[in-house]
Amino acid sequence: MMHHKSSSTVGKNTCCLEKLWIKNCSSLKFFPAGELPSTLELLCIWGCANLESISEKMSSNGTALEYLDIRGYPNLKILPECLTSLKELHIEDCGGLECFPKRGLSTPNLRHFRIWRCVNLRSLPQQMKNLTSVHTLGIRGCPGVESFPEGGLPPNLTSLYVGWCQNLKTPISEWGLLTLTCFSELTICSMLPNMVSFSDEECLLPPSLTYLYISDLKSLTSLALQNLVSLTELDSEGYCLVEMWQEAQGEDNRRSLTEVTHWVLANSFPANVTANFHSKFMGFWLDKDVAERVPLINPLLPTRKEKKNMAGFVGEAVLSGFIQKLVDMVASPELWKYAREEQVDSELNEWKKILMKIYAVLHDAEDKQMTNPLVKMWLHDLRDLAYDLEDILDDFATQALRRNLIVAQPQPPTGTVRSILSYVSTSLTLSAAWSNLSMGSKIEEITARLQDISAQKKHLDLRDVSAGWSGRKRLRRLPSTSLVIESRIYGRETDKAAILAMLLKDDPSDDEVCVIPIVGMGGIGKTTLAQLAFNDDKVKDHFDLRAWVCVSDDFDVLRVTKTILQSLSPHTRYANNLNLLQIELREKLYRKKFLLILDDVWNENFDEWDILCMPMRAGASGSKLIVTTRNKGVVSVTGTCSAYPLQELSYDDCLSLFTRQALGARNFDAYPHLKEVGEEIVRRCKGLPLAAKALGGMLRNQLNRRAWEDILTSKIWDLPEEKSHILPALKLSYHHLPSHLKRCFAYCSIFPKDYEFHKDELILLWMAEGFLQQTKGDNQPEKLGELPSTLELLCIWGCANLESISEKMLPNGTALEYLDIRGYPNLKILPECLTSLKELHIDDCGGQECFPKRGLSTPNLMHLRIWRCVNLRSLPQQMKNLTSVHTLSIWGCPGVESFPEGGLPPNLTSLYVGLCQNLKTPISEWGLLTLTSLSELSICGVFPNMASFSDEECLLPPSLTYLFISELESLTSLALQNPMSLTELGIECCCKLSSLELPATLGRLEITGCPIIKESCLKEKGGYWPNFSHIPCIQIDGSYIH
């Protein structure tokens, strides 16, 4: 492998070279002809910006070359033609590539072909219909490609990815997909900008398709697929389901999320898709990052675009929590370990420092955006950058996870070319995110954008409020006063009487001031009620002194103290010295019975409150202090009496208030033409006096019914702020939410209008997104015992500190149908109350040693997978009673030595057993012959001493159609004649296999990594050729020989 600053030419002593990487060699200019050995099987050229050309002579001896990967090579103009042995071709970030050889690619053995980010490429290879071996084709980021080649795509294609080819004009119906009989996977991203409908008629997709992914089709409004009879997975991002959701809900808007989801699936997709997915919609993931990667449709887990819309719904305030999340991601130990290995930890460290500096000024920016449009633009740019940064960090985390998984798994055998290439291909993919030139440029771009946006905050005068700066501008509202016109107040007689009773009651003497909190939502009338009490004649006679202070959200003890003094002595001037002010106030209040109103208090700091109240303790017994607040946290700090919760107005009182403001009357008797719409406006006010007063004021003297209808149909945020105080009042409540709660509030904007959701369901969705903060010392924000009875899907991934899952965890879990537990080392045993479970996946749970003694109480279980449970000693007992189980997969469980007594599930159709090295029960005792429905069997890395695989020694059922055996290191003979239904046989890495006897029914044979038997199977040359020349499809080490 060559790295970085190498010599300008490639060395000569390479006669036995099999693999060659040339990586980031910026000084490499020449690639001399004739110097590459004929033994070369793999060649990777990455980031060689000055390499002049790759001529045909470069690979004149390259007949053995099977893997070619070229990335970040701007001078590549055209590919050589002599690549007859090539099996995999990857071309990425080659800006100089404009076309392929005129005669097309001379690569008859090519299986995998990927072209990414070749921005100047004008056309795809001609005669692709002749590439009969190509199975996967990926085309991404090639805006110059306008059409597909004449003659169509490779005929045996199984997987196609087309993305970010914005100028591609060939409609999907003309891609010729209907002729691809083996085609199973299709991915389409960010193209066809005018495509409105994705339907059977307009796309002509083949019936063999099993997986479909569509993303970012900007104009798409309709998706209707019914003819895809094999489709089992559908993944869509950026495709809005809201319209279908609203249609599904109908007029009453009361359908549950599950009902609506079923309706959408049933009316848009084939029945087989609905059956596969309907049980997975009502679910959540405790791992918030995995939640967005699992390819299951969940209409309430928002896409990146929906998240941006959420931020727009509430300004940019959700950024505080989001930036904090990014800081946590950058500081992740797993990511740092990976970054150090790839030598980019310095970039990560710089990102962390810049993000922390930005986070420090965000609270100030969130305030100033209301009045400064430049700050709002800065926050908008920061939001976009934050989402791009999240994407790249997600990519890094994924690559790190994949590398860990590869390291944890045994490497494949090294005795065959295909095994080497397969492992190398995977390994290269793992490091691609950091290693290739494209990712390097992304890192540089993110760093530059972070530096730029951090520099801009200085010009916007954004301050670090956490450092003690107190000059931040607050949301300004007109301060309240004590004056009120009682004749214009409706419906507060009872409330006033209750407050007066508390005020006029003389309490026992003590050192504390009696504080009466009035609590209620913004605009409900707390200030009005305090004004009524303050101006009552009985109150005036009862108290010696009265003072009114509008505190608002800036709780400054000096300012409030000074305002109280000025209320008591309006003509006196006071200094700005808190000590002098408090001494003066104490003398004013000494042995006087006083009433003090503190209106609109937000402070939750007990120390500040205690300092403010110091002078008040000198007052006479019976002194009272009323605090109005919409924050219940203030009550716990200030209140010495029980809080008085103020409720909404009755409909009649709200109607009287509204008509008084709008018409100067108590009802609509004189204006019958406005009665119907007016009453509906009042209903919309929901008993909120501020809303009734503001809307009534906007309609004052407006007798035109059309003007009233406009108010009725308008959104509250469309009303002009200079005429309505509603939105500023709501903004103030939002402004005081902690940053993580702002995100929770913004999340609700993805629900359709009037959608009725359940509290528990919403909390779980917040948990899935990682919005809920954890209390110190508590590893779960919610106890698992609080899961709702409606839960159908539960995934727990990577929760290392979760202590146990007891039976109490799911006492109401009768609806749970899908349970996936991974990376949970403390799992000891499963709960038994899983009667509705249909799928159970257990992966990498090192603490699991056994299953419940009575076996699994899962009568409806259909799919069971147990992977990498290294300490598991036994499989579930009484598996013969699991009559619904169709698929069973056991892999990487070296502690399992035997199968349970009584045998396997009787209706099993698919069985996979792999890397259970200590399994001693021979295949003949697995009871396979009794499984009349078993059609697929895979056996890998077991029975190290097994020399023969025959009918007598395995007792396979006659229903078997597919058999795969791998890594049976001692196997020398395979003789199968009895499985009369067997049509597919795969044999891999059985290095000693030398004898084969196969049934006449076999339709496909694939042999990989079996060097001894390979020579005997060669077409018309091998000794075994006459025995299976009738098999229609034969593949040896990746090459089709028949």
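Tutor: Start with a definition: a salt bridge is a side-chain nitrogen of Lys or Arg within 4 Å of a carboxyl oxygen of Asp or Glu. Here is a case: R492 forms a salt bridge with D495, and their closest N and O atoms are 3.0 Å apart.

Student: What kind of model is this?

Tutor: This is a predicted model, where local features need pLDDT of at least 70 and side-chain atom pairs count only at pLDDT 80 or more, while totals for chains, interfaces and linings use all residues. Residues are numbered from 1 along each chain as its sequence is written, and side-chain values use heavy atoms, with hydrogens and water left out.

Student: Are R492 and D495 buried or exposed?

Tutor: Cut-offs come before the case. Buried means under 20% relative accessible area, exposed means over 50%, and partly exposed lies in between (1.4 Å probe, protein chains only). R492 has a relative accessible area of 6%, so R492 is buried. D495 is buried too, because its value is 11%.

Student: How many salt bridges does the structure hold?

Tutor: It holds 25. Another one pairs R383 with D384, at 3.5 Å between the closest N and O atoms. Both of these residues are buried.

Student: How do I read a helix?

Tutor: Helices (H or I, at least four residues) and strands (E, at least two) are DSSP runs, numbered from the N terminus. An α-helix has 3.6 residues a turn, so residues three or four places apart point the same way. The expected span is 1.5 Å times one less than the number of residues. Take α13, residues 493-504: its 12 residues should span 16 Å, and its end C-alpha atoms are 16 Å apart, which agrees.

Student: Which residues of α13 are buried?

Tutor: They are D495, K496, I499, L500 and L503. These residues cover an arc of only 130° around the axis, which puts them on the same side of α13. That arc is taken from the directions from the helix axis to the C-beta atoms. On the other side of α13, E493 and T494 are exposed.

Student: What covers the buried residues of α13?

Tutor: The cover includes β16, α14, α15, β18, β19 and β20. Contact here means heavy atoms within 4.5 Å.

Student: Which residues of α18 are buried?

Tutor: In α18, residues 606-613, the buried ones are W609, L612 and C613. They fall within an arc of 95°, so they line one face of the helix. They pack against several elements, including β16, α16 and α19.

Student: How many disulfides are there?

Tutor: A disulfide is a covalent bond between the sulfur atoms of two cysteines. The rule asks for a pair of cysteine sulfur atoms within 2.5 Å. By this rule the count is 0.
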